[in-house]
Amino acid sequence: MKLSKLYSNKPFHNITFITNKGGFNVIVGDAKKKRKENSHGLGKSKLGELLNFMLLKDHKRVFFYSKETTKEKFLKKGYDFYLEILLNNGKYLTIKRSLDKPTQISFKLNNKKSEGYTLYETFDESPKSLEKSKKYLNDQLNFDFCNQTGESYRRLINYALRTQGDYDPGLNGIFQLKKFTRGQERYWKPLIFSLLGFNGNLLRQKYDIEKSIEQNHKIIKEQEKDFGIKSEEKDLLVGKIQNAEIERNNVTQQLETLNFYQQDTETIKELVGTIEEDIAVFNSRLYNIEYQIKNLEESIKNEFAFDLERVKNLFKEVNIHFPKQLSKSYEELLQFNHQITDERNAQILETLKEKKVEAKEINENLLSQNKKREQYRDLIQDTSLFKKLMHNQQKLVSIEKDLSHYNGQLESIEKIEAKKNQIEETQNTDLQNIKDELRKILDNTASNELYMNIRKSFSEIVKFILNEVAIITISPNSTYNIEFKPNFPQSAKDEGNTYYKILCVALDLAILINYKNQSHFRFVYHDDIVAGDDNGIKQRLIESIKHICLKHNIQYILTVIKDNIPPTIDLRENTILQLHGNSNDGLLFKINF
């Protein structure tokens, strides 16, 4: 898939991309005059973001919608953008997206390239949602990699559209993009693992199992907090139950040996031996159940609370920038905690339902037994004996209450232990099996032809441009998650951002070179990689790009500041757009914002 045209129905520098073999496209920004202090205000860096938007990125994170001043310039102005792409089957697909209705996408499929910049009025497909539009485009692209791995083209596109933040040496080598912070390895490492020719699903399963284990550990902590117990106190509870049972037996024996003199022994036996004992047991059980119900109802009210908007407003009040990536990390934290809370609450609601049914049954039994007790009490005349009876009966109630409470805690501990055993079994079986599989893979990387070829292409590109040896490496860390690193000389590391940019270029090109015989992306966009003072490096970089585009039929789109182009390089035949700051007409959108 290559880019063919990008245009609009409103003031905009319409662009026709070079798609034929050797398609090296250059967008030049001339910042010499009025906008020298703000060269990036020309719009050349915004082009990559616009292309991403047209390839159906979620609009909420696109610059059109990010600031009120930008919204005022673009929204409710009737802006429609069109992106024509060349599919790998030779057909051309035009995507229309409006700024005012960014989730309503339309598609037009043609057998040949359109004439001029056609503002279509009728379309072949207009899915009713952004997700359905992504699915339609994914089907039209029909990438082999996506069909084999289940990945979406939207995941792959991150390595076809590199922006300035994606060259940061502070990230995880050259593989981690700005949108993938260190806390989100499971979102990008399986993808890279698959791109390099390995089983990315295996790595994804490992992350999913580890996440499930982490969730279960958190649920256990919440349950221990809700029920006021610690699983290591199991034996202590067993001891308390043992002592309480001994004391209950002693009190019961005292009740049974009371001398009731002239009273009707059968009546007294019924009252003392059955009714009072049953009432005591029921009262004890009811007390504990109502106590548990109260705790469970209080627990379910304690939702995870974190007001992200309030935090943003606080940052705004003190004039501190709140990074989008930090916002994303907080949003994912909120999502994770809500998942935990939902699972915990589901368990609590199930327990609560059971306890309320049990409480209802006990109340019905108590009502019946109390009626019987009132009838039998009228037959007892010896008040001193009755007082002694009631004293022992109250003591028995207290013991039964304690026993019920201890047994309830013991039951909860056993449930927690079962979940711990489940975690341990998962760690010892499923997780260990995956680690063993990964170990086998990493012990035999030389047998992976695609990986070896990508490494070879990567090293050749870096060697030509920098005359240094750089090697892609993969290795397990302490938890057997995969680490991707470029190995290169210390002297080259001193080059900093310039060197990392070239490594990123080499990686992206190496992937495209080795996927050229499959249905895959055939283009890559790199923003402002030609920088620094070494014209020799810049010249070899451009020569390498031209050679790769011609040899492997890859489309390369480069944005560059005019002053950074070496004087020995002539890019006039490759320049598809020139931007300048002399007037608004020289800006990408022909307006200043």
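Trainee: In which sense do strand 4 and strand 5 pair, and over how many bridges?

Mentor: Strands of a sheet pair through backbone hydrogen bonds, either parallel or antiparallel. Here strand 4 (residues 80-86) and strand 5 (residues 92-98) are antiparallel partners over seven bridges, where pairing requires that DSSP finds at least two bridges between two strands, and where helices (H or I, at least four residues) and strands (E, at least two) are DSSP runs numbered from the N terminus. Within this pair, Ile85 has Leu93 of strand 5 as its bridge partner.

This is a predicted model, in which local features need pLDDT of at least 70 and side-chain atom pairs count only at pLDDT 80 or more, while totals for chains, interfaces and linings use all residues. Residues are numbered from 1 along each chain as its sequence is written, and side-chain values use heavy atoms, with hydrogens and water left out.

Trainee: In what order do the strands of the open sheet lie, and which are the edge strands?

Mentor: The open sheet has five strands in the order 2-1-4-5-6, with antiparallel pairing; strand 2 (15-16) and strand 6 (105-110) are the edge strands, each pairing on one side only. Helix 3 (residues 130-141) packs on this sheet and touches strand 4, strand 5 and strand 6, contact meaning heavy atoms within 4.5 Å.

Trainee: Is Lys538 buried or exposed?

Mentor: Buried means under 20% relative accessible area, exposed over 50%, and partly exposed in between (1.4 Å probe, protein chains only). Lys538, which lies in helix 16 (residues 535-552), counts as buried because its relative accessibility is 5%. Leaving aside neighbours within four places in sequence, Lys538 contacts Val530, Ala531, Gly532, Asn564 and Pro566.

Methods:
Axes fitted to C-alpha atoms, helices over the stretch in contact; angles between N-to-C directions.
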